[in-house]
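I opened the model and its sequence side by side. These are my notes, in the order in which I looked things up.

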Amino acid sequence: MINNDVEIITLVFLLINLSRLLISKLINSDSSEIIFTSGATESNNLAIKSIAQNYFEKDCQIITVKTEHKCVLESCHELEKEGFTVSYLDVNEDGIIKLTDLENLLKEKPALVSIMHANNEIGVLQPIKEIGELCKKYNSIFHSDIAQSIGTQKIDVVEMNIDACSVS
């Protein structure tokens, strides 16, 4: 039986670290890379804004998709107000981005690319592995909201070249 504050704190610490370890095994990351937030919206905001503001100069570009989750689009709009250039990719009739459109933008200069894996409204799966390969090829950072696909799709952040992801 737990009977004092130190035991409760120790137990909570152990449970948090166990959760961190289980999540890291699920997505093939290091457990030290797992940061807990209140949910995917906060996670998306934290990832996008902190990467843009801390890893790039204002002359970098941010690339996302017109059909992206509202919280990602709002973060991008806020960054535009701060002077960042944001490009919004179109999708084809199936809801998929054209990889050539992404590559053409990446050729211009390094970018923060934020594209969700599974669209929360239409269910389409973006070609995340190919997007990650392009980002790596052009020295860009790739963020993906994987909240809708984790647990139903195999997610391997190393294989998919995902630098940051959001999970709920």
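**Entry 1: N161.** I noted the cut-offs: buried means under 20% relative accessible area, exposed means over 50%, and partly exposed lies in between, with a 1.4 Å probe and protein chains only. N161 sits in the loop between β4 and β5 (164–166). Its phi is near 55°, a positive value in a residue other than glycine.

**Entry 2: What I am looking at.** This is a predicted model, in which local features need pLDDT of at least 70 and side-chain atom pairs count only at pLDDT 80 or more, while totals for chains, interfaces and linings use all residues. Residues are numbered from 1 along each chain as its sequence is written, and side-chain values use heavy atoms, with hydrogens and water left out.

**Entry 3: The whole chain.** I found five helices and five strands in the chain. Helices (H or I, at least four residues) and strands (E, at least two) are DSSP runs, numbered from the N terminus. Along the sequence they follow the pattern α-α-β-α-β-α-β-α-β-β. The C-alpha trace spans about 60 × 35 × 30 Å along its principal axes. Of the 168 residues in the chain, 43% are buried. I also looked up contacts, where contact means heavy atoms within 4.5 Å. Among the contacts with a separation of 6 or more, 64% are between residues 24 or more positions apart.

Entry 4: S19 belongs to helix α1 (residues 5–27). S19 is partly exposed, with a relative accessible area of 31%. I checked S19 against F36, which is 17 residues away along the chain, and their C-alpha atoms are 9.8 Å apart. I then went to N28, in the loop between α1 and α2. N28 is not a glycine, yet it has a positive phi of about 60°. N28 counts as partly exposed, at 38% relative accessibility.

**Entry 5: α2 and α3.** At what angle do helix α2 (residues 40–55) and helix α3 (residues 70–81) pack? The angle is about 30°, and the axes are 9 Å apart. That makes α2 roughly parallel to α3. Angles under 35 degrees count as roughly parallel, over 145 as roughly antiparallel, 65 to 115 as roughly perpendicular and the rest as oblique. Axes are lines fitted to C-alpha atoms, for helices over the stretch in contact, and angles run from 0 to 180 degrees between N-to-C directions. The crossing of α2 and α3 is right-handed. A crossing is right-handed if the near helix is turned clockwise from the far one by less than a right angle, and left-handed if anticlockwise. On the α2 side I listed T41, N44, N45, I48, K49, A52 and Q53, and on the α3 side C71, V72, S75, E78 and L79. By class, this contact has five nonpolar, five polar and two charged residues. Ala, Val, Leu, Ile, Met, Phe, Trp, Tyr, Cys and Pro count as nonpolar, Asp, Glu, Lys and Arg as charged, and the others, Gly among them, as polar.

**Entry 6: A52.** I stayed in helix α2 for A52. A52 counts as buried, at 0% relative accessibility. Leaving out residues up to four places away in sequence, A52 touches I62, L79, F84 and L112.

**Entry 7: α4 and α5.** Helix α4 (residues 99–108) and helix α5 (residues 128–137) pack at about 15°, with axes 10 Å apart. They are therefore roughly parallel to each other. α4 passes α5 in a right-handed crossing. The contact is made by L99, L102, E103 and L106 of α4 with E130, I131, L134, C135 and K137 of α5. By class, there are six nonpolar, no polar and three charged residues in this contact.

**Entry 8: The two sides of α5.** Which residues of α5 are buried? I found I128, I131, G132, L134 and C135. They cover an arc of only 160° around the axis, which puts them on the same side of α5. The arc is that of the directions from the helix axis to the C-beta atoms. An α-helix has 3.6 residues a turn, so residues three or four places apart point the same way. The buried residues of α5 pack against α4, β3 (111–114) and β4 (141–145). The face turned away from the buried side of α5 carries the exposed residues K136 and K137. Just after α5, N139 takes a positive phi of about 50°.
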